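Subject: Structure for your review

Dear colleague,

Please find the structure below, followed by a summary of what was computed from it.

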Amino acid sequence: MDIYREELMDHFKNPRNYKKLPTPTKSVHESNPLCGDMIDLEVLVENGVIKDIGFSGAGCAISIASASILTEKVKGMRVKDAKKITKMEVAQSVNPDLTISRVKCATLSLSALHKALV
Amino acid sequence: MFDVAKVKSDFPILSREINGKKLSYLDNAATSQKPQVVIDAINNFYKNHNANVHRGVHTLSEEATAMYEEAREKVARFINARHPEEIIFTKGTTEAVNLVAYSWGRKNIKKGDTIAVTEIEHHSNIIPWQILAKEKNANLKVLSIDEEGFVTGSLQGLKPKIVAVSHASNVLGTIQEIKDISREAHLEGALVFVDGAQAVPHMKVDVLSLDCDFYAFSGHKMLSPMGIGVLYVKKEILENMEPYQVGGGMIKEVFFDRATYADIPGRFEAGTPNVSGAVGLGAGIDYLNRIGMENISEHEVGLLNYSLAKLNLVPGLKTYGPTDVKRRTGLIAFTLEGIHPHDLASVLDTEGVAIRSGHHCTMPLHNKLKIPATARASFYLYNTKEDVDALLYGIEKAERILKR
Ligand SMILES: Cc1ncc(COP(=O)(O)O)c(C=O)c1O
């Protein structure tokens with residue numbers, strides 16, 4: 001079991017879309033009080049499409065890396081499709097070997113995204 | 001002292017491999033492992049003696065009752081209570097606090113009264129008091145602690161009705177001077193409730209010399225089964241307490257318009273009790289007595305000295321708790337710069353090292369320390385320097401993988 005694969009660590013150490021947007025259409029804050037992880041997520045939606053997305057925050061490697069992977073995936077996606085992404089899919093894309101207790105960490109950014117897209 | 005290798009071999013689970021590595025179980029503050037004699041005691045109860053207690057006249061029921069009451073006597077002797085009927089079996093520390101807040105609290109706390117807790121408390125020694133205070137329009141006063149976790153807040157002039165304090169902290173390991181707190185509290189006319197969940201497993205506890213009025217602990221943290229715990233209450237106080245839960249087993253006479261309650265301790269043990277748990281706890285206490293509580297404390301001080309010296313050399317690693325190892329139990333909470341405790345715990349797991357990460361049910365304490373979470377390694381009688389070395393190796397590995 002090696003949940004900290006190199007590719008994942010690259011997302012943790014050099015997170016993509018780790019930025020503030022100049023003109024977001026929606027900003028949300030989401031936190032996991034149990035471990036102190038928190039994320040600020042911003043989206044720029046135009047004509048039902050996620051034109052840009054950025055996040056910032058503090059948390060464990062799994063939560064940062066998964067936010068990086070998720071934001072990369074949904075940039076340019078239609079809101080309608082992004083809303084359909086499930087926790088399972090995100091956990092799988094981060095690392096299929098995640099143990100149950102760490103799936104929560106991996107899906108914090110997805111909860112934030114779903115909040116931002118309502 | 002005792003032979004740690006021999007002790008270790010008494011715990012079947014400790015020979016397990018985790019992720020292909022030897023298990024180093026350093027999560028004892030959450031729950032301890034169980035020796036074969038405890039597992040056997042539970043097994044023996046169900047195989048040979050199982051029956052409901054108190055109500056039967058047949059042989060098995062009498063045997064089960066005798067075993068249950070023998071466990072109560074063992075607990076009383078273990079913490080030096082004067083009478084076995086001062087021992088109430090609960091499902092753990094949490095239920096014991098709830099019992100006191102409900103039964104003693106609802107009768108004795110009035111509008112405007114003060115209930116004192118401390119900043120270091122586990123959530124289970126905060127919430128029942130918080131709810132009681134809200135319900136009664138009473139004040140919940142929080143006594144402050146110093147950097148090392150010792151209570152500094154004074155009770156003088158506060159005139160609280162009760163002071164709820166933990167004997168040992170599950171995060172800082174701090175052992176409070178309960179005797180002093182009891183003296184001060186009694187001068188103020190207050191009773192003292194002590195949460196001993198982290199003390200009884202690790203040191204000799206004598207409720208008479210502590211002079212506390214209530215003392216609670218959990219079996220599962222002291223080699224015994226989950227689902228059994230203890231509430232000690234001074235007899236004079238217990239006799240005047242109302243029942244907590246009501247139903248069968250705790251009554252004398254029942255009519256449709258009234259009932260009279262059983263004497264102590266039965267009055268506080270409604271329903272079928274956890275007999276196998278109590279029997280298992282009795283076996284756990286026998287085991288601890290054979291090793292000797294003083295020896296266990298000494299063993300843990302040795303591990304503390306060894307691991308604190310090494311951990312404090314790791315750059316960016318900060319340990320918490322008293323510097324005087326004689327005034328703390330065998331656990332170490334720490335943070336590692338740039339590495340989240342959950343990541344550290346996950347990497348350690350790949351090395352077979354079990355530690356805990358998070359706020360350990362002490363959010364107010366973590367807020368005070370201004371950290372969202374800590375990693376915690378907690379020792380017990382079967383841990384060795386090799387376990388500490390595995391922890392240190394795992395920390396190095398985490399740094400290799402996760403340092404940005
Ligand atoms: C200091 C302290 N108090 C109370 C508890 C609650 O014990 P239990 O969960 O066994 O009821 C714990 C255990 O987590 C503890 O460490």
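Helices (H or I, at least four residues) and strands (E, at least two) are taken as DSSP runs and numbered from the N terminus. On that basis, chain A contains six helices and three strands, arranged along the sequence as α-β-β-β-α-α-α-α-α. The radius of gyration of chain A, taken over C-alpha atoms, is 13 Å, close to the 13 Å from the globule rule (2.2 Å times the number of residues to the power 0.38) for 118 residues, so the chain is as compact as a globular protein of that length.

This is a predicted model, in which local features need pLDDT of at least 70, side-chain atom pairs count only at pLDDT 80 or more, and totals for chains, interfaces and linings use all residues. Residues are numbered from 1 along each chain as its sequence is written, chains are lettered from A and ligands numbered from 1 in the order in which they are written, and side-chain values use heavy atoms, with hydrogens and water left out.

The pLDDT (the predictor's confidence in each residue, from 0 to 100) averages 92 in chain A, and 99% of the residues score at least 70. Confidence is lowest in helix α5 (residues 100–106), at a mean of 88, and highest in helix α3 (residues 79–82), at 97.

The C-alpha atoms of chain A fill a box of roughly 45 × 25 × 25 Å along the principal axes. Of the 118 residues, 49% count as buried, meaning under 20% relative accessible area (1.4 Å probe, protein chains only). Among contacts (heavy atoms within 4.5 Å) with a separation of 6 or more, 63% join residues 24 or more positions apart.

Yours sincerely

How values were computed:
Buried < 20%, exposed > 50% of the residue type's maximum accessible area, 1.4 Å probe, protein only.
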